[in-house]
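Open the model in your viewer and keep the sequence panel beside it.

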Amino acid sequence: MAISSSNSSRNPSGTFSKNLFSGKKGQSVGLVRSFNYKIPGPFELESGKILHGVRIEYEVYGKMNADKSNVILICHALTGDAHAAGFHQGDKKPGWWDIVIGPNKAFDSEKYCIICSNILGGCRGSTGPSSINPETGKIYGISFPVITIGDMVNAQKKLVEHLGIEQLFAIAGGSMGGMQVLQWTVSYPEMVRKAIAIATTASTTPQQIAFGAIGRKAITDDPKWNGGDYYGKKIPSQGLALARMIGHITYLSDASMQKKFGRLQKGADTVSTAGSTSAISATAASLSEFSSELFQEFAPNFEVESYLNYQGDNFTKRFDANSYLYITKAVDYFDLSKNGSLIEGFSGVTAKFLVISISSDWLYPPYQSQEIVSALTANGVDARYEEIRSQYGHDAFLLEEGQLSYLIKSFLSEVLVSDVMNRNFYTVSRDETIEHASRLMVKECVSHLPVISEDGRLEGIVTSWDITKAVACKINELDEIITRDVKYVYEDERIEYASSIMEKHSISALPVIDSEHRVIGIVTSESISALFGNYD
Ligand SMILES: CC(=O)SCCNC(=O)CCNC(=O)[C@H](O)C(C)(C)COP(=O)(O)OP(=O)(O)OC[C@H]1O[C@@H](n2cnc3c(N)ncnc32)[C@H](O)[C@@H]1OP(=O)(O)O
Ligand SMILES: N[C@@H](CCO)C(=O)O
């Protein structure tokens, strides 16, 4: 299967493998803890309903830099939580996206401050239907109001503001996490610089809604669901497990199920490999070899049945059935198109995008990611499309470490001069005095002044060092001390290039010019250091 890809971020051979990313091996963020933020005052939902005392559970990996410009928000999928990386005390398994979060990993915790929060409506520390309604002192149950992906994002925004972050360096997530990513860039375009949406859609399809509906029916048809009032009693574990079993099939693929289970049956002790599919098949798999008693009981004799039973049962130990109802409904309502147009829905988006699909994902197939990219591109948004080649199906976004790392790392580290340049800058003209330039530098705390012509074209540069020398030599005219062979960059050049010019010529600031040689900004070594994590 070929990888369809748009551009150059691929490795030189043009192929991917699970171990493709050959950078320094990442390590764990180690022992981590969760925090819990209570949103002060009322929290208004998109429906107009109000929640009080909303709590948001979150975790943080890495440090914020001085101006909090290195923060990456991770959004989790349907049944995830705030624990994305590292270990809680006593845990054997790390957080759910540990493969990409940590020192030297794709979301490098040495460089970025990575935050992940549990969604509103969830059951892992954030307010949801299993929380106590502060107005009644009782568990909400199904008196909890309907929530949307927009509500989840609005709650995350409250957390982000509480942490004093004005703009997120990036936001990333897969599946329903990807929906939150898209919603963020639509609702708060000025707050997101880069967006990574994986295995997701901008508008939930009838097939996706259908699977959600069956899962919900499994829960509500379980007598123990009891109209959502089961807290402190027996939980609707049959229905919840069945919902997860159905859901879990959609997270896998035909090929991955062939590979994992083949037709293997319990009790079969010899296996053989079947042709090109590498399927495992039981040698003694003919029906006649099973006892009629076993057959009549419809016992789960296939390995895939045992696996699904295990996944279903396991799920009931970590998830609340009502949360499942509310969250899947929020997914079903998700539709960013406006007046039937996704292009219109994305008008106003400014973040740079990396949209990743998975070749074997039949739940959120690649065409849905391509639609996102087309609509973004139609709005002039810089959106890159990549398809991960994987047999794991939808859940590949939790597993494909090498491909994800390669794509995410190169996307995050691609910084252009325009991302860093200061557009509020000061200039002088060459017929001005040294005293004027000197006063301007002191007043505005700048050490470099581009010298421009009447129509704004770059003619030279004067630095505070030039002024110091001029004063020592009793020179008064600016014209005499201007550096005319001035180095400059264009705004669409990579920041590494700007940095290399500065290093080569031992200079700490470069004017940024447009195609007509007019000065449009200035980039300084200070702003580059801040971006790449000069942590205080
Ligand atoms: C996305 C978020 O934001 S967070 C939520 C993500 N987490 C989940 O979805 C959890 C459940 N999902 C899964 O397990 C997913 O398949 C994945 C993608 C996360 C893991 O995939 P894989 O590593 O391929 O694991 P696999 O699908 O084989 O399942 C492993 C589990 O099934 C069990 N299992 C495997 N085969 C069988 C079998 N034949 N019978 C019974 N159990 C089996 C394993 O013992 C293992 O149990 P454990 O999880 O308690 O260790
Ligand atoms: N398996 C993941 C992804 C579902 O989209 C989850 O349960 O959250």
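## Stop 1: glycine 174

Select glycine 174, which lies in strand β11. The model you are looking at is predicted. Is glycine 174 buried or exposed? Its relative accessible area is 2%, and buried means under 20%, so glycine 174 counts as buried.

Now show what surrounds glycine 174. Leaving out residues up to four places away in sequence, glycine 174 touches Cys75, Ala77, Ile198 and Phe397. Then pick glutamate 386 as well and draw a distance between the two C-alpha atoms. Glycine 174 and glutamate 386 are 212 residues apart along the chain, and their C-alpha atoms are separated by 14 Å.

## Stop 2: the whole protein

Zoom out and colour by secondary structure. The protein has 16 helices and 21 strands. Of its 536 residues, 50% are buried. Take the contacts between residues at least 6 apart in sequence: 68% of them join residues at least 24 apart.

## Stop 3: helix α11

Select residues 401-413, which form helix α11. This helix has 13 residues and reaches 18 Å from its first C-alpha to its last, close to the 18 Å expected at 1.5 Å a residue.

Which residues of α11 are buried? They are Gly402, Gln403, Leu404, Ser405, Tyr406, Leu407, Ile408, Phe411 and Leu412. To see what covers the buried residues of α11, show the strands: the cover includes β5 (71-75), β7, β11 (168-174), β12 (192-198), β15 (352-358) and β16 (383-388). Strand β11 is where glycine 174 from the opening stop is placed.

## Stop 4: helix α7

Move to residues 303-316, helix α7. Its 14 residues should span 20 Å at 1.5 Å a residue, and the end C-alpha atoms are 20 Å apart, so expectation and model agree.

Highlight Tyr307, Leu308, Gln311, Gly312, Phe315 and Thr316, the buried residues of α7. While you look at how they are spaced, keep one rule in mind. An α-helix has 3.6 residues a turn, so residues three or four places apart point the same way. The cover over the buried residues of α7 includes α4 (237-251), α5 (254-260) and α8.

## Stop 5: helices α3 and α8

The crossing of α3 past α8 is left-handed.

Show side chains at the contact. From α3, select Gln208, Ile209, Arg216, Ile219 and Thr220; from α8, select Ala321, Tyr324, Leu325, Thr328, Lys329 and Asp332. By class, the residues of this contact are five nonpolar, three polar and three charged.

## Stop 6: helices α1 and α2

Next select α1 (residues 149-162) and α2 (residues 176-187). Their axes come within 9 Å and cross at roughly 70°. Angles from 65 to 115 degrees count as roughly perpendicular, so α1 is roughly perpendicular to α2. Here α1 passes α2 in a right-handed crossing.

Where the helices meet, α1 contributes Ile149, Gly150, Met152, Val153, Gln156, Lys157 and Val160, and α2 contributes Met176, Met179, Gln180, Gln183 and Trp184. This contact of α1 with α2 has seven nonpolar, four polar and one charged residues.

## Stop 7

Most residues other than glycine have a negative phi.

Select asparagine 104, in the loop between β6 (101-102) and β7 (107-108). Its phi is near 65°, a positive value. Asparagine 104 is buried, with a relative accessible area of 18%.

Then select histidine 517, in the loop between β20 and β21 (519-524). The phi of histidine 517 is positive too, at about 70°. Histidine 517 counts as partly exposed, at 28% relative accessibility.

## Stop 7: serine 508

End at serine 508, in the loop between α15 (495-505) and β20 (509-513). Serine 508 is partly exposed, with 33% relative accessibility. Which residues is serine 508 in contact with, leaving aside its neighbours within four places in sequence? They are His448, Met502, Val523, Thr524 and Ser525.

Isoleucine 209 is one of the α3 residues in the contact with α8.

Note on methods:
Residues numbered from 1 in each chain as written. Chains lettered and ligands numbered in written order. Predicted model: local features only at pLDDT ≥ 70, side-chain atom pairs only at ≥ 80, totals over all residues. Heavy atoms only, no water. Left-handed = near helix turned anticlockwise from the far one by under 90°. Helix = DSSP H or I, 4+ residues; strand = E, 2+ residues; numbered from the N terminus. Contact = heavy atoms within 4.5 Å. Nonpolar A, V, L, I, M, F, W, Y, C, P; charged D, E, K, R; others polar. Buried < 20%, exposed > 50% of the residue type's maximum accessible area, 1.4 Å probe, protein only. Expected span 1.5 Å × (residues − 1). Axes fitted to C-alpha atoms, helices over the stretch in contact; angles between N-to-C directions. Parallel < 35°, antiparallel > 145°, perpendicular 65-115°, else oblique.
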